[in-house]
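The sequence and structure come first.

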Amino acid sequence: VNHAAEELRGSVWALRTMPVAGKSFGESLEAIARQTGHGHAEHIAVRTSGAAFEVPQFVAGNLLLVAQEAIYNALAHADAGQIDVDAAFDAATGMVEITIVDDGRGFAKGSQSGPDQGHFGLIGMWERIERLGGEFTIASRPGAGTTVRAKVRKHDYDSRIDAGEPVSPHA
């Protein structure tokens, strides 16, 4: 219960301090990396590629929380020495993809802690991207680090969601 309460406090803190308003997605991603990596000796590099476009706030917020969780996991559990965070934009298709790669200890699929042990990070990342209609993958193996990838498409109705307008799933 204490662990679940601590994770909930962390999620609420993350939502309240999400640096998206008035910043580009790339700038927000850099801020999240700095904030999450503060006080750690590990090196975190953030890069963007492609023609950047405005990412709707609710999409950006979810992608940033995925990046934050992946960086946190690399710092807290993987003993990573290098973490690379990449955001790739494809303006023609409206796709934005974030990839977080660490050189940490990695893990065997199925061996990671999950909800039964009070850890919701990996399933939470997957659920966030799933709700956005995106693709989410994690590739890892012992001794070979971990790669977390989330890819979502910008939709025409995203600006209405950001404005607080109701959006019908059948519209």
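Asp-102 stands opposite Thr-146 in strand 5. Strands here, like helices, are DSSP runs numbered from the N terminus, with at least two residues (E) for a strand and at least four (H or I) for a helix. The model is predicted, so local features need pLDDT of at least 70 and side-chain atom pairs pLDDT 80 or more, while totals for chains, interfaces and linings use all residues. Residues are numbered from 1 along each chain as its sequence is written, and side-chain values use heavy atoms, without hydrogens or water.

Strand 3 (residues 95-102) runs antiparallel to strand 5, and eight bridges join them. Strand 4 (residues 135-140) is also antiparallel to strand 5, over six bridges; Ala-139 has Thr-147 of strand 5 as its bridge partner. Five residues lie between strands 4 and 5 in their hairpin, where Gly-143 takes a positive phi near 80°.

In a regular strand the side chains alternate between the two faces of the sheet. In strand 5 (residues 146-153), Thr-146, Val-148, Ala-150 and Val-152 form the covered face, whereas Thr-147, Arg-149, Lys-151 and Arg-153 form the uncovered one.

Five strands make an open sheet in the order 1-2-3-5-4, with mixed pairing; two strands pair if DSSP finds at least two bridges between them. Strand 1 (43-49) and strand 4 are the edge strands, each pairing on one side only. Strand 1 pairs in the parallel sense with strand 2 (residues 82-90) over seven bridges, and the bridge partner of Thr-48 is Ala-87 in strand 2.

## Helices 2 and 3

The axes of helix 2 (residues 25-37) and helix 3 (residues 57-76) come within 10 Å and cross at roughly 30°. Helix 2 is therefore roughly parallel to helix 3, a term for angles under 35 degrees. Axes are lines fitted to C-alpha atoms, for helices over the stretch in contact, and angles run from 0 to 180 degrees between N-to-C directions. Residues in the contact (heavy atoms within 4.5 Å) include Phe-25, Leu-29 and Ile-32 of helix 2 and Leu-63, Leu-64 and Ile-71 of helix 3.

Helix 2 lies across strands 1, 2 and 3, at about 170° to strand 1. Helix 3 lies across strands 1, 2, 3, 4 and 5, at about 10° to strand 3.

## The whole chain

The chain has five helices and five strands, in the sequence pattern α-α-β-α-β-β-α-β-β-α. Of its 171 residues, 37% are buried, meaning under 20% relative accessible area with a 1.4 Å probe, protein chains only.

How values were computed. Buried < 20%, exposed > 50% of the residue type's maximum accessible area, 1.4 Å probe, protein only. Parallel < 35°, antiparallel > 145°, perpendicular 65-115°, else oblique.
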